Amino acid sequence: MIWGIFKRDMCHATRNVIAVIVSMGLVVVPALYAWFNIAASWDPYGNTKALKVAVANNDKGYKSDLIPVRVNVGETIISTLHANDQLDWQFVKSDKAIDGVKSGEYYAAIVIPKGFSADMMTLFSPDIKHAQLKYYLNEKINPIAPHITDQGATTVVNTIDKTFAKTIAQVGLDLASSILHYSQSPQMAEYMRNLNGNLTTMADTLSGASQQVTSYSQLLGSANDIVDSTGKLLASATKAGKQAQNALKQGKSGATSFTSAGANVTSSVNTALDQVSGAFDQVAAKVNKAFDAIGKDSDTAASQLATLSEQISSGESLYDTYITSLNHMRESVEQLPDSDSAKQALLEAIDREITLLEAAKGDSQKLAQQLKDASTQVTQDTAAAERSRKEILNRITSAKQSISNVRDDYATNVKPKIDALASTVSTLISQTDSMITQLSGTADDLDDVTGDAGTNVTSIRSTLGAIAKKLDSSAATVKELITKLETGGNAGDGNSDGGNGGNDASSSDSGESDELRALATANASTLSTLISAPVALHRVSVYPIANYGSAMAPFYTILSIWVGAIILCAMLKVTISDREKAHVLGLGDTLPRIPGPSGPGNASRWGLRLDHEYFGRYAIFALLALLQGTLVCLGDTYFLGVQANHALQFLAVGWLAALVFSNIVYTLTVSFGDIGKAVAVVLLVMQVAGSGGTFPIETLPKFFQMLYPFLPFPHAIDAMHAAMAGSYGNEYLLDMVYLALFLIPSLLLGLVLRKPVIRLNNWVSRNLASTKVM
């Protein structure tokens with residue numbers, strides 16, 4: 001039955017010339033669709049030189065005292081772009097460039113601002129500015145052009161960066177090369193010989209001057225020995241006076257220190273104790289205020305208590321300051337003679353005062369801790385807060401009492417002893433000054449004869465010795481410089497040992513000279529290029545594709561095969577008329593009359609089942625679809641020259657896609673009529689967006705990524721890619737299996753699931769036909 005339906009369909013399709021032409025057109029049209037799109041996109045990025053991009057240079061250049069040469073980076077950019085054929089660069093004024101972008105004359109425009117060079121040269125100043133190009137872009141003209149012109153603008157920026165770095169590096173290398181060449185010239189050699197001669201003379205002069213200064217020093221030493229002998233005679237007479245003088249000076253120093261310390265401590269302690277006592281009164285008032293606010297605003301009260309705790313803690317440094325002052329005064333008292341009766345009593349009073357201050361400091365620390373604890377309790381327990389209030393007020397009273405004890409003890413015990421001792425010390429100081437003055441006059445008279453002479457001679461000898469050392473050091477430095485210059489000159493001539501056996505210093509200098517020579521004699525342009533772009537990108541293509549047209553061929557080829565399947569269902573009938581069924585069954589021109597409407601499956605009682613009708617009419621669809629797939633794949637390979645490393649696999653993908661797509665579209669049409677054709681078009685639109693044939697599927701919205709595995713296009717395109725460039729493992733076979741699996745739901749719908757809806761589909765078709773329009 002299937003063969004009979006297929007034979008009659010082939011006879012009808014080739015009955016006349018028009019039928020043959022239409023059949024040929026059904027095969028050729030999908031191929032033309034694919035070839036046209038593939039050829040149009042064969043090498044779009046290789047033709048970007050036709051895209052017009054305007055360039056306007058407003059750069060005023062840069063020149064400074066540090067760099068006297070005028071620098072204009074904008075002119076360098078323009079000259080570089082003249083040699084660049086990546087885009088169609090148009091060199092115009094800035095106004096015309098911007099207006100051309102707006103009108104669509106140019107796809108984009110690059111404007112170099114006035115201060116571009118000046119901003120780039122801020123690299124050598126503390127105030128660095130980022131040089132910026134203005135880039136204008138018309139995005140409405142074409143969706144792809146902005147990305148191409150962006151690449152061109154990026155190329156310009158990279159070129160500027162590399163050119164700038166290359167220029168700076170090349171200037172430095174050229175300067176080093178010039179210095180090295182000049183250092184090896186005959187003129188420089190003559191300069192070096194003259195310099196060495198002058199330096200040698202200078203070194204000899206410095207050495208002679210050092211020897212003369214040393215001789216003068218020795219002569220003065222002999223004279224000083226005579227002065228020392230005379231001084232020894234006078235020393236025995238003045239020895240007792242000097243000892244008394246030193247003792248009185250020590251006493252005067254200790255007394256003065258003690259008096260000063262006592263006065264300072266007395267003033268600072270009185271002032272500080274009064275301030276601390278008054279501060280505790282203020283703290284008590286603030287504590288009462290904070291606890292009174294507990295019921296109203298516990299958070300504010302807690303904050304105030306915490307602040308008071310921090311203030312009291314910060315005031316603890318005052319106690320340390322006062323204790324330190326008392327310790328200094330104690331040290332001054334200890335310098336007094338042990339025979340002084342007031343010394344021990346005053347030391348005991350000071351120690352007692354320090355103990356009281358430390359006790360007061362401890363009370364303050366405990367008060368600060370209680371305030372800190374209370375700040376956390378006020379928001380938790382009101383009763384506990386009230387207890388804390390009483391404890392804090394008691395602690396404040398205790399701290400005030402400690403301060404009062406310190407003040408009373410200081411006024412009663414310490415200050416009277418300090419005042420009495422200060423009076424005694426003042427009298428002693430006056431008497432000591434008088435005695436020192438008288439003794440100093442006598443000692444001066446005795447020392448005038450020898451002291452001045454001895455001191456002056458010693459000072460002069462010391463000065464002369466220092467001068468001699470400086471002269472010797474300068475001479476050594478000059479000689480060392482001469483040695484280095486000679487070594488450098490010999491190294492420049494290739495004689496690295498410098499005539500002294502090749503010591504470490506000359507070897508090191510020779511190595512540095514060799515490195516400098518190697519750097520300077522290298523190709524400056526090549527080396528500066530390496531410095532400006534030290535990293536090069538080496539592209540390694542995995543499964544390389546020859547060109548953009550070949551890369552797009554799978555998408556357009558698969559798309560054209562689906563379009564071909566839709567065209568077949570639009571031009572050929574998917575249902576078999578009763579007359580054709582009768583001829584296949586051998587019943588003449590008409591089927592016998594039976595109750596019920598005509599349509600699919602109405603000849604089953606004579607042996608022509610529904611599956612016979614399905615496969616019988618599908619046979620011609622499958623044949624034409626295979627011819628479509630064969631033509632488009634062979635044309636891709638041999639007409640357009642699309643890359644196909646495995647041509648037979650490439651053709652097999654086209655055949656399988658033709659069978660699967662034609663069966664899906666045929667089943668939708670035979671099951672749902674014209675509505676099925678509309679569904680086939682919808683599936684086509686969905687697969688154009690969600691197949692991953694143009695953009696990677698990962699770049700598409702989430703919906704298309706989820707839909708991707710359930711569409712036939714992606715598997716067919718992936719299989720064709722594997723056939724073109726090579727397959728990783730079983731990639732090709734798996735994609736072919738996934739593509740073939742789409743036949744299962746299609747056949748299930750066409751053979752089983754469409755039976756219940758045949759009458760509904762016939763009713764819809766009659767109603768559409770009754771409109772005389774659809």
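Strand 1 (residues 52-57) and strand 3 (108-112) run parallel and are joined by five bridges. The model is predicted, so local features need pLDDT of at least 70 and side-chain atom pairs count only at pLDDT 80 or more, while totals for chains, interfaces and linings use all residues. Residues are numbered from 1 along each chain as its sequence is written, and side-chain values use heavy atoms, with hydrogens and water left out. Strands (E, at least two residues) and helices (H or I, at least four) are DSSP runs, numbered from the N terminus. Two strands pair if DSSP finds at least two bridges between them.

Follow V53. In strand 3, its bridge partner is A108. In strand 2, its bridge partner is W89. Strand 1 and strand 2 pair in the parallel sense over four bridges. Now move on from strand 3. Four bridges join it to strand 4, and these two strands run antiparallel. Here A109 has Y136 of strand 4 as its bridge partner.

Put together, four strands form an open sheet in the order 2-1-3-4, with mixed pairing. Strand 2 (88-91) and strand 4 (134-137) are the edges, each pairing on one side only. Neighbouring strands are turned by 20° against each other on average, direction ignored. In general, strands of a sheet pair through backbone hydrogen bonds.

How much of strand 3 is buried? Five of its five residues are, so the strand is largely enclosed by the rest of the structure. Buried means under 20% relative accessible area, with a 1.4 Å probe and protein chains only. A108, I110 and I112 point one way, and A109 and V111 the other. In a regular strand the side chains alternate between the two faces of the sheet.

Contact here means heavy atoms within 4.5 Å. Helix 3 (residues 73-82) lies across strands 1, 2 and 3, at about 155° to strand 1. Helix 4 (residues 94-103) lies across strands 1, 3 and 4, at about 155° to strand 3. Axes are lines fitted to C-alpha atoms, for helices over the stretch in contact, and angles run from 0 to 180 degrees between N-to-C directions.

The axes of helix 21 (residues 712-725) and helix 22 (residues 731-740) come within 8 Å and cross at roughly 150°. The two helices are therefore roughly antiparallel, a term for angles over 145 degrees. Among the residues that meet are H715 and A719 in helix 21 and Y732 and L739 in helix 22.

Terms used. Parallel < 35°, antiparallel > 145°, perpendicular 65-115°, else oblique. Buried < 20%, exposed > 50% of the residue type's maximum accessible area, 1.4 Å probe, protein only.
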